[in-house]
Amino acid sequence: MSATNEMSGEVYYPSAEIIANAHIPDYDAVHQAATDDLAGFWDKIARENFEWAEPWHTTLDESDPPFYKWFVGAKTNIVHNALDRHVKTATRNKAALIFEGEPGDSKVYTYQQLNYEVCKFASVLRAQGVRKGDRVTIYMGRIPELMIAMLACAKVGAMHSVVYGGFSTEALLGRIEDSASKVLITCDGAWLRGKVIELKEIANAAVERSETIQSVICVKRIGHDVEMVPDRDYWYHDLMALPIADPNAPTEVMDAEDPLFILYTSGTTGRPKAILHTHGGYMVGTATTLKWVFDIKPEDIWWCAADPGWITGHSYIVYSPLVLGATSFMYEGAPTHPYPDRWWSLIAKYGITILYTAPTAIRGLMRFGETWPQRHDLSSLRLLGSVGEPINPEAWKWYHRVIGNESCPIMDTWWQTETGNFMITPLPSVPLKPGSATRGFPGVQVDVVDEEGNPVGVNEEGFLVIKRPWPAMLRTLFGDPERYVAQYWSRYAEQGWYLPGDSAKKDEDGYIWVIGRIDDVIKVSGYRLGTAEIESALVSHPAVAEAAVIGVPDELRGNVIKAYCILRDGFEPSEQLERELRDHVGVEMGPIAKPSAVAIVDSLPKTRSGKIMRRVLRAQTLGQDVGDLSTLAD
Ligand code: WTA
């Protein structure tokens, strides 16, 4: 790749070889074709690359916006495309998943072996009474059984709801109850930085208070003694050894529009919301974006270093690589355990060809210097990726030079839990600008507009919008269709545009530069957290009467959380109490939600109707202009 300093700053052009080998060598032509005939574009892709039990009669149904439907009338199951069809071909002997545990244990599942486990576990779930349309909560570490559990749910037509293993009791309980899950799949514990996170203990505390969970299935990962409640809790390996665990379990035939999973994420206000994705459109969208953006070839070893508990892992560790018949790598633990070169050693050991991670991880590893990566042969790498937050040019360049040896294009992919797949992203053949996710994936119409929907000027900040539907889009919020409409489609209802909730700029080449969230979502180390949930964890402490949290920029983590609390009568401010409140959030919500600072205050800026003005709090904290205060109470 070569860098130049032309009109619009630094541009990195792909080599002729990269362009020649790319699935899509000419972005403009493909994007134009998709724009001219969006339904026709996806119709052709869906017909040529996937197996359907029955075809669709309508590719895109726009009759009831914003409740769009794709591949209407078609029947399939994403698991049929991810496993069943591959075990009938030579792909059966190919590695589907290569796993390394934090302690150094390693395991490979071929497509044949993975399918065997998924079939058996699907029949275990059926024996537990799990049926099409039911919800199953999964709360586990980053181990192969997490993937097996998700696929088994999809195979029987149940919706999985994966709760990230870094969350804690309250967060887990809230998500179990909201989804009314009847089965919880968990594990005894998870390895992280040489220590054990006692997941079963946390799960027990949640299930004790749950009104919906009937049984708990527990994978033995660590071997610690854990409390198993008779007639409620079962060991995974015991159930898998029973004759009911049928290695030939059939795959439920689903409508393309049937739900595949729900995934909770934080939004503007209130409780986390359950984003709902479907079997058909999600399959077509995730597999096509992975194939084109990361140029997946049969010989690749793809490493998406996210956690399966977030959308990145759902779409790009579990589903799309399998649908493509690719080989995925999964690592259980921390990047710095036992030394800061663990990731680099894994790339050399397994011959990873594509690495996809978050800017926060790159910045974290950058701090340890270049000698750690330089100890390892990273020459197998041919493409790199970034996701979760804007990548600062300094981290981009380090990633490009030190990890990618100046020869690996970096795919900076902007997308969301809601979008299901990459939306603003380069392809390997596209010129790159460090810090910009470039332009819309073919067929994705993105723009930056003002309050009224008029395009803003070049390099001016505005609201990001998406103007046309796409196959992997969320279909609704589970159990709350009104909120789905209000949250994403009401601001530009007249135009029928989707509002992602990010601000951005567009430069003279039409490249998009995402700035950040415009709502009460805080991105901490790329993790998406909601102010409301953290605030409610704080006020659940007996000393706290009221709380407000804001995100404060942080060099390493993107943002950190700062909390402001008003105490109840009878409690005195102290450093000890501040520490206690931080720990309390850690226990209630999970370590990732812990505020980095807690300030005890006498009052909070509020509107006359009593809403906390976080905008004002943030401006005060950062020493910025507080702006329009006309709605402030006093
Ligand atoms: C942010 C993660 C800049 C953005 C896949 C979005 C990004 C939110 C990028 C969604 C990127 C994600 N550049 N910002 N490449 N990727 N974001 O739902 O604010 O966890 O709205 O999905 O992350 O977070 P979520």
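A cavity is a set of grid points where a 1.4 Å probe fits but cannot get out, and its lining residues have an atom within 4 Å of such a point. The exercises below apply this and related ideas to a predicted model.

**Exercise 1. Find how many cavities of 30 Å³ or more the whole structure holds, and state which residues line the largest cavity.**

Solution. Begin with the search of the whole structure, which finds 4 cavities of 30 Å³ or more. Next, turn to the largest cavity, which holds about 90 Å³ of space. Its lining is made up of V162, V163, Y164, F167, R175, L263, Y264, T265, G309, W310, I311 and T417. Finally, ask which element gives the most to this lining: it is strand 16, covering residues 259-265, with 3 residues.

**Exercise 2. Describe the second largest pocket by its volume, by the residues closest to its centre and by the elements that line it.**

Solution. The volume comes to about 460 Å³. Of the 24 residues in the lining, those closest to the centre are I45, N49, K291, W292 and L324. The elements that give two or more residues to the lining are helix 2 (27-36), helix 3 (38-49) and helix 10 (279-293). Among the contributors, helix 3 has the largest share, with 6 residues.

**Exercise 3. Decide whether D233 is buried or exposed, and work out which residues surround it.**

Solution. First place the residue: D233 belongs to strand 14, which spans residues 233-235. The cut-off for buried is under 20% relative accessible area, and D233 counts as buried because its relative accessibility is 8%. Now look at the surroundings, leaving aside neighbours within four places in sequence: D233 is in contact with K200, N204, V216, E227 and M228. With one of these, K200, there is also a polar contact between the two side chains, at 2.7 Å.

**Exercise 4. Determine how many residues of helix 13 are buried, and name elements that cover them.**

Solution. The buried residues are P359, T360, A361, I362, R363, G364, L365 and M366. What covers them includes helix 12 (342-350), strand 20 (354-357), strand 21 (383-387), helix 15 (393-403) and strand 31 (558-567). Helix 12 has buried residues of its own, namely R342, W343, W344, L346, I347 and Y350, and this helix is followed by G351, whose phi is positive, near 65°.

**Exercise 5. Work out how strand 28 and strand 29 are joined, and what lies between them.**

Solution. Strand 28 (residues 521-524) and strand 29 (residues 527-530) run antiparallel and are joined by 4 bridges. Within this arrangement, V521 stands opposite G530. The two strands form a hairpin with 2 residues between them, and S525 in the turn has a positive phi of about 50°.

Definitions and conventions: Residues are numbered from 1 along each chain as its sequence is written. This is a predicted model: local features need pLDDT of at least 70, side-chain atom pairs count only at pLDDT 80 or more; totals for chains, interfaces and linings use all residues. Side-chain values use heavy atoms; hydrogens and water are left out. Buried means under 20% relative accessible area, exposed over 50%, partly exposed in between (1.4 Å probe, protein chains only). A polar contact is a pair of N or O atoms within 3.5 Å; within protein, one must be able to donate a hydrogen and the other to accept it, and residues adjacent in sequence count only if both atoms are side-chain atoms. Contact means heavy atoms within 4.5 Å. Two strands pair if DSSP finds at least two bridges between them. On a 1 Å grid over the protein atoms alone, a cavity is a set of points where a 1.4 Å probe fits but cannot get out, and a pocket is an open set with protein on both sides within 12 Å along at least five of seven lines; lining residues have an atom within 4 Å of a point. Grid points are joined across faces, edges and corners, and a volume is the space filled by probe spheres set on the points.
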